[in-house]
Amino acid sequence: MSRTSFPRTLADWQARAAELAVESRAFIDDSFVAAASGDTFVSINPATGETLAQVASCDEPDAERAVAVARRAFADGAWSRMAPGKRKKTLLRLADLMEANKHELALIDTLDMGKPISSSLGDMAGAIACLRYQAECIDKLYGEVAPTGEDSLALVLREPIGVVAAIVPWNFPLMMTAWKIAPALAAGNSVILKPSEKSPLSALRLAQLAQEAGIPRGVFQVLPGFGHTVGKALALSMEVDCLAFTGSTAVGKQLMQYAGQSNLKRVYLECGGKSPNLVFADCKNLDQVASYAAAAIFHNQGEVCIAGSRLLVENTIRDDFVERVLKAAENMQPGDPLDPQSFMGAIVDETQHRRILDYIRQGVEEGARLRSGGKAIDGPGLFIPPTVFDGVTAQMTIGREEIFGPVLAVFGFDTEEEAIAMANDTPYGLAAGLWSQDIDRIMRVTRRLQSGQVFVNNWAGGDQTMPFGGVKQSGNGRDKSHHSLEEYSELKSVWMSLQSS
Ligand code: NAD
């Protein structure tokens with residue numbers, strides 16, 4: 001099959017995978033280099049157990065070098081002071097290169113962390129759209145002229161912050177990366193990206209494309225490695241001005257401490273969730289709602305920050321509705337991630353696989369009713385089928401903690417008031433869903449849900465125009481939309497005294 005043709009079948013993707021060559025060195029100061037220590041870590045395809053690459057394992061010396069390079073690049077102004085229109089063109093060129101290479105990028109993510117190829121292709125569309133949106137914003141956001149008397153002129157200018165370290169997770173490797181680096185670069189910052197140690201490879205391919213697009217030397221660098229080594233070094237650096245993080249709440253808390261211990265760098269956090277999905281009895285098409293409710297948790301093997309992991313159903317329809325969810329879940333079984341027909345793929349690694357199975361065991365032990373799934377699928381590869389528990393309560397571990405796997409916890413409620421209280425009974429506040437035909441109820445409940453985003457009669461709706469982020473312990477930042485571009489800039493107030501005539 002030619003490299004330019006569109007891969008459509010499992011065999012097409014397997015052929016592409018067989019000829020794939022990946023970059024596995026760090027990208028520092030415009031060159032691909034080994035880690036200073038020479039250390040590497042292994043990247044494994046979780047669907048097969050095969051080794052994909054030995055990847056440079058960066059640590060403190062690599063972080064120090066990259067930060068010095070980023071600082072120098074910021075000071076020399078080749079990017080930070082570039083005319084906005086020119087910066088826009090460069091980022092649009094990067095988006096075009098991503099588009100031209102989207103099959104390869106999607107393939108890398110699928111092989112690296114096990115998600116189905118259809119989902120990786122969706123991520124590429126999202127990542128490219130994000131690059132284009134942020135690039136287009138560059139020459140459309142204005143500063144301000146403040147209202148003053150005639151003897152003054154007061155300007156509010158937006159300036160880049162400096163050196164931004166972006167630390168990202170593995171569940172949507174390239175898309176989460178784009179959500180950080182697109183606005184941070186668009187605002188004129190130097191960016192150091194630390195991908196997850198579980199999915200480092202697409203970030204390194206992105207570095208090749210960034211170089212080809214003409215992003216100036218030292219403005220974009222990629223340091224693969226572990227959180228407690230290179231991630232921590234970046235977070236503690238006195239020369240990093242901003243940390244843009246997506247990952248767990250526990251690590252987000254650590255990063256805030258590191259910022260306090262070092263230079264009070266800005267810390268934008270996108271963290272975990274345990275999102276409620278509320279289904280009221282007045283819904284019209286229950287089959288369709290059930291199918292959305294199943295996809296809300298089983299998409300991407302449940303390894304989704306906004307997974308609809310708590311399904312809250314009005315008790316009058318609960319038994320019937322759970323049956324419909326079970327039926328929908330039957331069609332969402334895991335399969336070969338390279339098969340375009342697979343809805344779910346492999347779990348990212350053995351640690352996560354074990355963790356999910358531990359939660360399932362606790363669910364059974366604590367008295368929830370296991371209605372489907374619950375057991376690992378025999379290898380090779382790390383696969384868990386859609387698992388549904390009914391009769392879950394907020395006291396149960398599976399009712400409270402983020403599992404980050406294909407495990408749905410179903411709760412019942414009798415009144416609207418009870419549903420709202422249950423939905424908000426969580427330390428998280430990332431997303432919530434609400435299904436009803438009653439517009440008065442929709443507005444009443446939406447306003448009272450403690451959540452960064454509310455999906456009404458859909459799940460995960462949204463595009464680049466909408467901010468994405470959480471409240472409570474789900475974080476304090478916002479990805480996407482012009483609001484994220486604003487996060488990566490400083491306001492400078494300029495008050496000029498004028499001669500009055
Ligand atoms: P994680 O917190 O373990 O790791 C995230 C990143 O932080 C990785 O790159 C890791 O190497 C790094 N890291 C870990 N310890 C560090 C330290 N001490 N110092 C600096 N960096 C460190 O999370 P994960 O397992 O990669 O991802 C899953 C989590 O991410 C889930 O909780 C999920 O909800 C969350 N997530 C949130 C969003 C969102 O937009 N809110 C999106 C995707 C994932």
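Serine 481 is buried, with a relative accessible area of 0%; buried means under 20% relative accessible area, exposed over 50%, and partly exposed in between (1.4 Å probe, protein chains only). Serine 481 has a positive phi of about 70 degrees, although it is not a glycine. Its place is in helix α16, which spans residues 481-487. Helices (H or I, at least four residues) and strands (E, at least two) are DSSP runs, numbered from the N terminus.

This is a predicted model, in which local features need pLDDT of at least 70, side-chain atom pairs count only at pLDDT 80 or more, and totals for chains, interfaces and linings use all residues. Residues are numbered from 1 along each chain as its sequence is written, and side-chain values use heavy atoms, with hydrogens and water left out.

Lysine 472 also has a positive phi without being a glycine, here about 50 degrees. Lysine 472 lies in the loop between β18 and α16. Is lysine 472 buried or partly exposed? It is partly exposed, with a relative accessible area of 36%.

Another backbone feature is a cis peptide bond. It joins glycine 379 and proline 380, with omega about 5 degrees. Proline 380 sits in the loop between β14 (369-372) and β15.

Strand β15 (residues 387-390) leads on to β16. The two run parallel and are joined by three bridges; strands pair if DSSP finds at least two bridges between them. Phenylalanine 389 has alanine 409 as its bridge partner in β16. Strand β13 (residues 310-314) pairs with β16 too, in the parallel sense, over five bridges. Here arginine 310 stands opposite alanine 409.

How many residues of β16 (residues 407-413) are buried? Seven of its seven are. In a regular strand the side chains alternate between the two faces of the sheet. In β16, Val407, Ala409, Phe411 and Phe413 point one way. Leu408, Val410 and Gly412 point the other way.

Next come the nonpolar cores. A nonpolar core is a set of buried Ala, Val, Leu, Ile, Met, Phe, Trp, Tyr and Cys residues joined through side-chain atoms within 4.5 Å. The largest has 100 residues, and Met98, Phe220 and Phe321 have the most contacts inside it. Helix α6 (residues 173-186) gives this core its largest share, ten residues. A second, separate core has 28 residues, including Phe280, Ile347, Val407 and Ala423.

Phenylalanine 321 deserves a look of its own. Leaving aside neighbours within four places in sequence, phenylalanine 321 is in contact (heavy atoms within 4.5 Å) with Val279, Leu286, Val289, Ala290, Ala293, Leu311 and Val313.

Now to the empty space. Rolling a probe the size of a water molecule over the atoms shows where empty space is left. On a 1 Å grid over the protein atoms alone, a cavity is a set of points where a 1.4 Å probe fits but cannot get out, and a pocket is an open set with protein on both sides within 12 Å along at least five of seven lines; lining residues have an atom within 4 Å of a point. Grid points are joined across faces, edges and corners, and a volume is the space filled by probe spheres set on the points.

There are four cavities of 30 Å³ or more.

Of its 14 lining residues, Pro276, Tyr428, Gly429, Ala431 and Gln450 lie nearest the centre. α14 (416-424) and β17 (431-435) each supply at least two residues of this lining.

Tyr428 also touches threonine 249, as do Cys271, Gly272 and Gln473, not counting residues up to four places away in sequence. Threonine 249 is found in helix α9 (residues 249-261). Threonine 249 is buried, with a relative accessible area of 10%.

The second largest pocket has about 810 Å³ of space. It is lined by 37 residues, of which Ile306, Ala460, Gly461, Gly462 and Phe468 lie nearest its centre. Elements giving two or more residues to this lining are α5 (117-137), α6, α10 (286-298) and β18 (453-456). The largest share, six residues, comes from α5.
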